[in-house]
Amino acid sequence: MKCALWAAGAAMVFVAGSAGAQTPRPADVAKLQAMKKAADDLDEAADPAAYRAAWEKVAAFARTLYPAGHIEIAVAEAEFVTADYLQGNVQGALARADLLVGRLRTAGPAYDTMLTDTLNSQLVILMTLGRHDRSPAVAAELLARRQKQYGDTPSSPLAAAYSNAANAEYEAGNYDRAITLVRRAATEARRLKPVPPNAAVWLSNVPVFLAGAGRLEEAVEAAQNVASEMDTFLPAAHPHFGPNFNNMARFQLQLGRAGDAVGTARRAVAIADKNFGEKQQTATYLSTLAQALNAQGKFVEARTVAETSVRILERDLGAESDRTMVAKETLAQSLAGAGDPVGAMALLQAVAEVRARKLPPHHRDRIGGGDRMATLALRLGRLDAARDAQVAAQALRLASLPADDLGTLAGEARLAAIEARLGRREAGLARATAATTALDRRLRDMAASGAARTGHDREARTGYGWALDAALEAGDAAAAFRYAQRFTATSAGRAASAAAARQTTGDAAVAELLRRRQDAAAALERQRDRQLRAASRGAPQEAATALRVERTALEAELARLSAELRRRSPQLLANELPEPLTLDAARAALGPGEAVLFAAVGPTRTALFALSNDRAEMVASPLDAERTAALVVRVRAGIGDSDRPPPFDFAASADLHAGLLPAPILQVIAGKPRLLVAANGPLAALPFATLAPAARAPTLRSARWLVRDHALSVLPSVAALAERTSRSGSGSGAAAQQFVAVGAPVLAATAAGGRPAFRSAGMAAQVRDLPTLPATATELEALGKAMGSPRRLVLTGANATEAAVRAADLAPGGVLAFATHGLMAGELDGLEEPALVLTPAGEDDGLLTAGEIMRLRIGADWVVLSACNTAAGADSDDAGLTGLSRAFLHAGARNLLASHWPIRDDAAAWLTVETIRRYGGGVEPAEALRQAMLAMIDRRPVPGAGHPAQWAPFILVGR
């Protein structure tokens, strides 16, 4: 027996039998052993049905040699344990294994090896079913037997025993011991020649246990290593690839990459479905897929997937197995998001009761389940139940984890919010202050080490979100404003702050050193993303090795530059995590015609801040994260394909308008021509220009779009308010001295069927497959004329190359414009990060990637990105202004014109030219964009111009 559970041994000849039993002929015994070996050599995971059929023939032949009840018949039938497990009858497999273990314990020394193998099978089934009352003892006995049996000899069964013992320790919450054992299993697997298929499962457990222990960075790298290593001994689409892809999807979720996680989880599901059908393996991966869909706000689809997962797992593993509990928690989240929080609460309570009976107090699922119970109870207004659940979870944490553990601190902040809601506002605020003080310390340590986004800062932000809720309830606007800034921090905000820090050092040499360190930290972060994405797609071993070598070099370079900066300017490095702005400072940065709308979407409600230079308001909106995400999905679905857009969802737009712009907020921003918006989570994917209040029978022409009343700018962070005061770049283009334009690359393809070209990859696989964009050359020429700058450089056609961009002087102010295809990671084969498409030439591939953009020295007051998805981020957790926009902010751009979705070529050209024409005529950027949008709505210069799909894709990002 072997597979994910069993380890193969040599075919065994058994001579002991029942008293008085007939003695088979030697030739028949030899034939039986040959049949056993042939059956055992099959890859049971790849074809469980064939494996079962082979062992049925073995058992049938054994029955012709031995009398009923003979131990040899039981031995042959024992292989049905494997077949039962793989074909979904897990409870039946355990019953068969238990029976066989009992018989083998009394069968004598000749059957000792068989007993050990069966204990291995029994152990894995027990762990699959979540039977932690029995599994640790079986694991300990099994490992001792394997160590005695094999000693230092390379052995697949010994590797499996280490792996299974690690699993038992992990489920008991002994993470360090589990990691030690699973690494020993991996070491044993690598000693085997050849490496057996089962080694994939042992290797895959290494990153799982590292992630469970909170060592996410190590887990991601380990998973990438495992993915490339598996390619060396497994055929393509082997079922053992499934667990690793499922692990990768879970890691991507921990890093806030829900979009990537959905794709990776679907890949795992496809592998399992092909090999196992509707069995527990497939159901486990469906649960992960549902989690990713929940994270995207697609709760209806997630509910269907989660319900399927629960149904299969209950059937195959039982209603109380660990995997079933996880799937039920996922279903509860789907129910809550889809509008059934009461049903979700009942499901979570049932899960908590099971775990309280089965799991040790310090188990991660038991503690995390308490957090989820508290959150949902808070949403339902069951404050006493929320308090009891969170107090219990914190007690479990503090009994086994340090007081400054990020999960512990986030739990303390959640408890602070509950206390404040219960009326103990002063106590709640004091608890929130203590928790956030510790969180500040942890974040500063992470920033100084260059660990800008490793999944840990996401957990820290969760804590700030709960502290924000406590301050919101307590009515402390100053504290709430501070916590909201930490809670909504994104990589784009960090990029803008980094560029501002360089400009204010006052020492050119130190500024250059700081820039090089920032470049190194950003390169390491991008490399981590590439490593994760490569692993999730099954990159070949050569590519994985190259990524590991690159990462090692980047880590060394970052360490070297950090040490040098610490020597030259220790205070600069110590202050790399900027302090949040105070309310007074934010208001002081605003002009008389400006207002700020700051929306921080939390798990149970949204904190709204409206600021002008003479007043401020704070409002608690009932919009929670799930409701907000669902509404944003509806608005975006009502935009769809800008070639044939669907009817716009006015109801969803009106609901968001009501939730984000209640009367106290409207009173502050009323009459302010310029509105600066900062928002997090799902709102980062929302163009605020498309918000319109409820109206009777609204139409595209009659709707009172928000852009009719305000020129809108998006802030990469609230801190950008202070950073823009030194050199805002928000004035008009009348005095712009330089205009640099790049685009209209030479490409081979043309748009199919005479349809308009889009500035995205579409169905292309390589750069050469992308369609030409006929309007871009004319657009860039028109932009140059509209600007009228004394210095103009237009790089189009064969001149629009990466080398030409690198050689251009981009440091002076003015405008830098790109008109071309904008690509997101994965849109072309092998594209691991966002890119702008230029003309391939020489050794340059024609892809100006985010990493290459970050290395540019840009001083432009305004960068125009007339391309698709240039505002698109990695995911809603850190979205909106990552990708290409973040790259340009890092490189030094002060304002950006970026897009939310694929844009039709003619609409993009008209909007950008009209915006720049007004800017060149003396209108400030946000107002220039507003006027161009309204002109498109009212004048309809291109087909379908009145629909938001055409006029609303662009946003102005300003700092």
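This is a predicted model: local features need pLDDT of at least 70, side-chain atom pairs count only at pLDDT 80 or more; totals for chains, interfaces and linings use all residues.
**Stop 1: Asp 649.** Select Asp 649, in the loop between α29 (625-637) and α30 (650-660). Is Asp 649 buried or exposed? Asp 649 counts as buried because its relative accessible area is 18%, and the cut-off for buried is under 20%. Show its contacts next. Beyond neighbours within four places in sequence, Asp 649 is in contact with Arg 634 and Gly 638.

**Stop 2: the largest nonpolar core.** This core has 155 residues. Select Ile 125, Trp 202, Leu 468, Phe 481, Phe 609 and Leu 721, which touch the most other members. Then colour helix α10 (residues 199-212), which gives the most to this core, with 10 residues. A second, separate core has 73 residues, including Leu 608, Phe 648, Phe 739 and Ala 932.

**Stop 3: Phe 609.** Centre on Phe 609. Setting aside neighbours within four places in sequence, its contacts include Leu 468, Phe 481, Phe 598, Met 618 and Ile 665. Glu 617 is also in contact with Phe 609.

**Stop 4: the second largest cavity.** How many cavities of 30 Å³ or more are there? The count is 4. Go to the second largest cavity, with about 60 Å³ of space. Select its lining, including Trp 466, Leu 468, Asp 469, Pro 603 and Arg 605. Helix α22 (residues 456-474) supplies the largest share of that lining, 5 residues. By type, the lining divides into 6 nonpolar, 3 polar and 2 charged residues.

Definitions and conventions. Residues are numbered from 1 along each chain as its sequence is written. Side-chain values use heavy atoms; hydrogens and water are left out. On a 1 Å grid over the protein atoms alone, a cavity is a set of points where a 1.4 Å probe fits but cannot get out, and a pocket is an open set with protein on both sides within 12 Å along at least five of seven lines; lining residues have an atom within 4 Å of a point. Grid points are joined across faces, edges and corners, and a volume is the space filled by probe spheres set on the points. Helices (H or I, at least four residues) and strands (E, at least two) are DSSP runs, numbered from the N terminus. Ala, Val, Leu, Ile, Met, Phe, Trp, Tyr, Cys and Pro count as nonpolar, Asp, Glu, Lys and Arg as charged, and the others, Gly among them, as polar. A nonpolar core is a set of buried Ala, Val, Leu, Ile, Met, Phe, Trp, Tyr and Cys residues joined through side-chain atoms within 4.5 Å. Buried means under 20% relative accessible area, exposed over 50%, partly exposed in between (1.4 Å probe, protein chains only). Contact means heavy atoms within 4.5 Å.
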